[in-house]
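Work through the exercises below with the sequence and the model in view. Try each task before you read its solution.

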Amino acid sequence: EKRTSLRKPQALSFVRCILRPTLTDQQWIGLGVLFVSFALRTLLIFRGGQYYFPDEIRYENAKATAGFILNGRLLDALISLMSGVEHIGFRAAAVIPAMLGHVLDNNTPRIPALFLSFFSVLNIYLIWLLARRVSGTDHVGFHALWLAATSQSLMYFSRHLLPYDIS
């Protein structure tokens, strides 16, 4: 009678690698801070306030571009996307939630605001990574993460459809 080629110690060590997280306590807390940051932005978005700034009209351009794309009018979509010189990258990225809004037949500004708030949280994450890389310690990176997450200037525009966080 032959035994299987997978020995018991190897199987157990594989299971331990899967089940045991490789993150430090500070990194788990950091991920929690990022989650809470996104949750607070989501709460802020659902309280309203979109279309307060004149700059938010750029999202309307993305909605028009998405409509052209979904109707197969790609040349019109390209013309719509390139119709102005300001924040072309924002308008191109905003086409993604605009298309989702068209597909869902939902005209709420909450979908694009949630999409754009992801970039606000991504900026906090990048600050965390940069501080860890420059300092060489998780401790300094965690402090930078905490300061960025509690910064009002990084939170203020997250409910609006503005290009600041994505740029």
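**Exercise 1: A residue at the surface**

Leu43 is exposed, with a relative accessible area of 53%. Exposed means over 50% relative accessible area, buried under 20%, and partly exposed in between (1.4 Å probe, protein chains only). This is a predicted model: local features need pLDDT of at least 70, side-chain atom pairs need 80 or more, and totals for chains, interfaces and linings use all residues. Residues are numbered from 1 along each chain as its sequence is written, and side-chain values use heavy atoms, without hydrogens and water.

Task: In which helix is the place of Leu43?

Solution: Leu43 lies in helix H2, residues 25–46. Helices here are DSSP runs (H or I, at least four residues), numbered from the N terminus.

**Exercise 2: The largest core**

Task: Which residues form the largest nonpolar core?

Solution, step by step:

1. Use the definition: buried Ala, Val, Leu, Ile, Met, Phe, Trp, Tyr and Cys residues, joined through side-chain atoms within 4.5 Å.
2. List the 9 residues: Val33, Leu34, Val121, Ile124, Trp128, Phe142, Leu145, Ala148 and Ala149.
3. Find the largest share: H7 gives 4 residues.

A second, separate core has 8 residues, including Ala62 and Val95.

**Exercise 3: The whole protein**

Task: How many helices and strands does the protein have?

Solution: The protein has 8 helices and 0 strands. Of its 167 residues, 35% are buried.

Terms used: Helices (H or I, at least four residues) and strands (E, at least two) are DSSP runs, numbered from the N terminus.
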